[in-house]
Amino acid sequence: MNNQRQQKPTLTGQRFKTRKRDEKERFDPSQFQESIVQGLNQSGSDLDAVAKFLDSSGAKLDYRRYAESLFDILVAGGMLAPGGTLSEDMICTEFCVFKAQEDMETMQAYAQVFNKLIRRYKYLEKGFEEEIKKLLLFLKGFTESERNKLAMLTGILLANGNISASILSSLFNENVVKEGVSACFAVKLFKSWLSEKDINSVAGSLRKVGMDNRLLELFPANKRSSEHFSKYFNDAGLKELSDFAKNQQSIGTRKELQKEIEDLMSRGDTLKDIITYTREEMKKSNISEQTMVGMIWSSVMSSVEWNKKEELVAEQAIKHLKQYSPLLKAFTSQGFSELTLLLKIQEYCYDNIHFMKAFQKIVVLLYKADVLSEEAILKWYTEAHQPKGKGFFLEQMKTFVEWLKHAEEESESEEEEAD
């Protein structure tokens with residue numbers, strides 16, 4: 001037996017040298033700023049040289065990590081502290097948007113610099129949009145001239161599609177709204193945007209991100225009305241924008257009214273009450289009878305769950321429309337209103353395939369209920385119909401129209417004999 005104690009194994013730590021690529025690089029925006037500022041100072045006011053410098057520097061400098069610093073420098077000349085003031089402990093450049101000339105030509109040239117940079121480094125796209133949102137929140141910290149340049153630049157960038165109209169949400173922030181900064185900035189921005197694109201293009205961009213119904217939010221709550229908006233932007237020479245906002249407000253009002261009519265129907269209110277309420281709202285909102293009858297048709301047709309079988313839906317539609325024909329009659333006192341209703345029926349039957357064969361039955365029902373006159377039906381048949389399903393619907397109506405014409409001729413003949 002071995003009396004000697006067996007030596008216990010010992011664990012000795014082994015140090016591994018950290019690979020260079022595994023070392024986390026320290027966040028140092030000051031060194032990045034020095035490099036960018038130096039390059040901008042060397043390029044000077046030659047924006048083509050600036051664009052080339054930024055293009056080549058992306059391979060050496062970490063744009064992805066320092067995107068915010070990069071855009072701060074290009075716009076304001078240096079890194080911005082919260083509120084929009086320049087950081088005092090860092091060097092700045094005079095060659096930036098805020099120090100440039102205050103005119104559209106110069107801002108268009110700067111827009112091209114940003115455009116080239118983002119096209120070259122696609123990953124900067126999101127960061128650039130976030131930067132613009134941030135700058136709009138800092139508007140109070142900038143001078144009037146700086147705000148004007150930023151507004152012109154932003155309008156051009158929106159027109160070029162470099163940024164989304166969703167950035168405008170920053171202008172609805174209470175801090176920039178309450179002192180009138182947002183509205184004043186918006187005037188310059190929209191003038192710039194509309195100098196590059198027409199109102200239809202601008203409206204499309206606003207609708208795409210749900211900003212079309214929010215423009216009144218540029219004003220404080222006590223001035224947030226269509227009248228004030230119209231006057232403010234009309235006086236600023238932006239009638240197109242004023243008219244667009246007014247139209248959007250009207251669309252919003254009509255949507256709310258249509259929903260209310262649908263709610264009255266679903267609650268089972270009497271037709272008399274629905275007609276009274278609708279007439280009051282129609283007058284209050286200055287809605288024409290032609291527009292109103294189209295809204296009522298949509299409300300009537302959306303207030304029921306339709307049968308999916310074509311052979312049953314026509315019968316269901318006739319029964320349903322018979323119930324609501326007095327409501328439609330109350331808003332077809334004019335020939336144009338009747339024609340509007342006929343076009344709405346044609347469009348609905350075309351868009352909902354199960355109703356294609358029900359068109360003639362619906363028209364005949366409404367004729368018998370004195371909602372549609374023979375004059376309106378004949379006018380629709382001969383000249384005022386839509387292209388949608390034209391051949392199919394005209395063929396359906398052929399026999400009934402011939403009967404109407406024959407009845408009209410007989411009536412005229414009887415009148416002549418009586419004379």
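Which residues of H4 are buried? They are Thr106, Met107, Tyr110, Ala111, Val113, Phe114, Asn115, Leu117 and Ile118, where buried stands for under 20% relative accessible area, exposed for over 50%, and partly exposed for anything in between (1.4 Å probe, protein chains only). The model is a predicted one, so local features need pLDDT of at least 70 and side-chain atom pairs count only at pLDDT 80 or more, while totals for chains, interfaces and linings use all residues. Residues are numbered from 1 along each chain as its sequence is written, and side-chain values use heavy atoms, with hydrogens and water left out.

On to the chain as a whole. Along the principal axes, the C-alpha trace spans about 130 × 90 × 40 Å.

Of the 419 residues, 45% count as buried. Contact here means heavy atoms within 4.5 Å. Taking contacts between residues at least 6 apart in sequence, 68% join residues at least 24 apart. The chain exposes about 24200 Å², with carbon and sulfur atoms supplying 47% of it; the areas come from the Shrake-Rupley method with a 1.4 Å probe, and for residues only the protein chains shown count as cover. As for charge, there are 58 positive and 64 negative side chains, and the centres of the two sets lie 12 Å apart. Lys and Arg count as positive and Asp and Glu as negative, leaving out His and the chain ends, and each charge is placed at NZ of Lys, CZ of Arg, CG of Asp or CD of Glu.

Back to H4, which has 17 residues and reaches 24 Å from its first C-alpha to its last, close to the 24 Å expected at 1.5 Å a residue. The expected span of a helix is 1.5 Å times one less than its number of residues. The cover over the buried residues of H4 includes helix H2 (47–57), H3, H5 and H6.

H5 has 14 residues and runs 20 Å from first C-alpha to last, close to the expected 20 Å. Its buried residues are Leu124, Phe128, Glu129, Glu131, Ile132, Lys134, Leu135 and Leu136, and they pack against helix H3 (67–76), helix H4 (104–120), helix H6 (144–160), helix H7 (174–177) and helix H8 (181–196). Lys134, found in this helix (residues 124–137), counts as buried because its relative accessibility is 15%. Leaving aside residues up to four places away in sequence, Lys134 touches Glu68 and Asp72. Between Lys134 and Glu68 there are 9.8 Å in space, C-alpha to C-alpha, and the two are 66 residues apart in sequence.

Leu194 is found in helix H8 and counts as buried because its relative accessible area is 19%. Beyond residues up to four places away in sequence, Leu194 touches Ile199, Val202, Leu238 and Glu240. Ser43 lies in helix H1 (residues 29–43) and is buried, with a relative accessible area of 16%.

Helix H15 (residues 335–351) has 17 residues and reaches 24 Å between its end C-alpha atoms, close to the 24 Å expected. Buried in H15 are Ser337, Glu338, Leu339, Leu341, Leu342, Ile345, Gln346, Tyr348 and Cys349.

Finally, the loops. Asn286 has a positive phi of about 55° although it is not a glycine; the residue is found in the loop between helix H12 (271–284) and helix H13 (289–302), and at 70% relative accessibility it counts as exposed. Asp370, not a glycine either, has a positive phi of about 65°. Asp370 lies in the loop between helix H16 (359–368) and helix H17 (374–384) and is exposed, with a relative accessible area of 54%.

Technical notes
Helix = DSSP H or I, 4+ residues; strand = E, 2+ residues; numbered from the N terminus.
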